[in-house]
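Good morning, and thank you for the time.

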Amino acid sequence: MQETEQVHVALPLKYRPMTFDDVVGQEHVTRTLRNALESGRIANAYLFVGPRGIGKTTLSRIFAKALNCTHPEGSGKSAVGIEPCGECENCQQIAAGRSLDVTELDAASHNKVEDVRPIIEAVQFKPAASKYKIFIIDECHMLTPSAWNALLKTLEEPPPYVKFVFATTEGDKVLATIVSRCQRFDLRRIQTHQIAARLQYICGKEGISADQDALLAIARGAEGGMRDALSSLDQLIAFKGSTITEEDALSVFGLVSRKALEDLAGAILKGDAAAILQSVEAFDSAGKNMRRLAGELLRHFRNLIVYQSLGGQTASLEATPDQVKTLAEQAKLCDASRIFRVADQLAAMEDKLRYALSVRTLIEMTLLRASRIATVASIEELMRAVRALAAQGGGTVQPTPAKSGAPAPAKPSAAPMAEAKPAAKTEHAEKKPQLTPEEQRKMMDDPKLNALLASLPGAKVTAIS
Ligand SMILES: Nc1ncnc2c1ncn2[C@@H]1O[C@H](COP(=O)(O)OP(=O)(O)OP(=O)(O)O)[C@@H](O)[C@H]1O
Ligand SMILES: [Mg+2]
Ligand SMILES: [Zn+2]
């Protein structure tokens with residue numbers, strides 16, 4: 001190996017955000033902290049709670065810098081100077097962990113009364129060279145009850161120049177008496193597309209070429225954790241060099257490609273049992289993580305439900321434009337009530353997977369059942385169709401052309417399936433959008449509908465092809 005003075009700094013460390021603007025996601029936290037800084041209404045203590053690697057330590061440090069920076073700058077989101085400049089003496093010392101006025105305690109390894117006693121003593125003295133004396137206590141749920149008790153008094157009535165910032169992955173383990181003395185923030189897992197965008201930015205800086213799908217795969221693998229995503233990228237670069245493909249990323253995590261996942265969902269919606277079994281077989285023999293597959297499939301169907309209810313423009317849809325295109329196509333394949341029931345099946349499967357002896361068999365059986373559900377009309381649909389028919393005129397069903405592509409007879413037109421209206425209001429019914437001949441034919445052809453119509457008293461069914 002070549003001797004160079006260049007030291008490799010791990011990506012998570014190298015790209016730790018230095019300003020609020022730089023933090024990905026967590027807007028609910030950055031907004032409130034910015035407001036506090038702007039208005040000068042700073043709470044005595046803050047508590048950041050959330051899973052690993054999503055910005056708790058990062059935000060604690062940015063906040064400490066922002067409080068003590070001597071030349072805070074304006075930012076895109078705020079005209080008043082609140083972003084730490086990163087250059088003044090205070091900012092630099094805090095970044096290097098050398099500031100006399102900012103103390104970080106890692107409670108995972110320092111959790112006893114003796115460890116917090118220096119804090120209680122230090123609180124009595126004014127800050128050396130800054131506005132505030134700040135104590136950051138990381139993994140604070142590890143502090144022993146007696147350590148907390150020792151801190152309690154100080155926490156309740158600290159001198160105005162003292163601020164506490166606590167961070168923990170386990171908010172539930174922090175005593176209620178502590179939580180009630182803090183301003184609590186729950187940090188969230190970061191959305192896949194936001195992680196992918198950050199990875200894109202970092203790849204640009206590092207001269208790495210990686211396509212969008214590769215980065216999305218890494219982001220999916222990280223399940224909302226930015227540190228995990230960056231560590232994986234680091235690992236892939238070490239393994240593959242400066243070009244990373246989707247296949248590389250997928251194989252590291254045992255993930256199925258987005259296309260394969262969408263195709264499987266399509267097969268379920270179309271009731272294509274052969275395709276379902278083939279895909280499961282292929283994933284299993286390629287060593288894909290079947291539990292992850294089940295989770296991702298459920299997420300896809302969840303997205304389909306969101307798409308069907310709210311359309312493609314909503315923030316609740318965690319999808320890229322390409323994915324939205326697929327969702328739009330698949331949403332047309334199946335009625336919402338059926339998709340709900342498919343999602344129910346998948347959710348129940350996720351639970352059972354934990355105890356299943358044969359993961360593959362359970363998945364196969366569930367997906368086959370789901371595909372039946374997706375292709376057989378539900379009672380809700382039938383009732384809607386029947387009501388629509390009733391509204392259209394006494395329950396008489398007119399013949400539809402058997403196989404020809406010719407449009408169906410123009411009248412009487414079938415009323416839309418959406419809602420039932422009394423049969424008398426014909427002028428109302430006519431204003432509603434009409435079913436296309438194709439939709440009419442599909443409805444008429446449904447065996448269950450036909451069976452139901454045949455059994456309905458008073459519904460005259462004539463010549464259904
Ligand atoms: N919201 C974020 N935006 C941008 N980068 C982030 C974000 N969250 C985490 N990171 C990246 O992950 C690294 C680790 O983040 P941080 O130390 O803040 O995690 P944490 O929430 O404190 O996790 P832990 O519970 O493991 O201590 C950061 O250095 C940064 O590179
Ligand atoms: Mg941390
Ligand atoms: Zn500064």
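How many nonpolar, polar and charged residues does the shell around ligand 1 have? By class, the shell has 11 nonpolar, 7 polar and 5 charged residues. Here Ala, Val, Leu, Ile, Met, Phe, Trp, Tyr, Cys and Pro count as nonpolar, Asp, Glu, Lys and Arg as charged, and the others, Gly among them, as polar.

Before going on, a note on the source. This is a predicted model, in which local features need pLDDT of at least 70 and side-chain atom pairs count only at pLDDT 80 or more, while totals for chains, interfaces and linings use all residues. Residues are numbered from 1 along each chain as its sequence is written, and chains are lettered from A and ligands numbered from 1 in the order in which they are written.

Of the 23 residues around ligand 1, those that come nearest are Arg16, Gly55, Lys56, Thr57 and Thr58; a residue is near if its C-beta atom, placed from the backbone, lies within 6 Å of the molecule. Helix 1 (11–14), helix 3 (56–68) and helix 10 (226–240) each give two or more residues to this shell. Helices (H or I, at least four residues) and strands (E, at least two) are DSSP runs, numbered from the N terminus. Domain 1 (11–186) and domain 2 (192–253) each supply at least three residues of the shell, the bounds coming from an automatic or database domain assignment.

I turn to the protein as a whole. It comprises 21 helices and 9 strands, and 34% of its 465 residues count as buried. Buried denotes 20 or more other C-beta atoms within 10 Å of the residue's own, exposed 12 or fewer, and partly exposed in between, with C-beta atoms placed from the backbone.

Next, helix 14. Its 21 residues, 290–310, should span 30 Å at 1.5 Å a residue, and its end C-alpha atoms are 30 Å apart, which agrees; the expected span is 1.5 Å times one less than the number of residues. Its buried residues include Leu293, Leu297, Phe301 and Leu304. Just after the helix, Gly311 takes a positive phi of about 85 degrees.

Finally, is Glu223 buried or partly exposed? Glu223, in the loop between helix 9 and helix 10, counts as partly exposed because it has 16 C-beta neighbours inside 10 Å. Its C-alpha atom is separated by 7.5 Å from that of Arg189, 34 residues apart along the chain.
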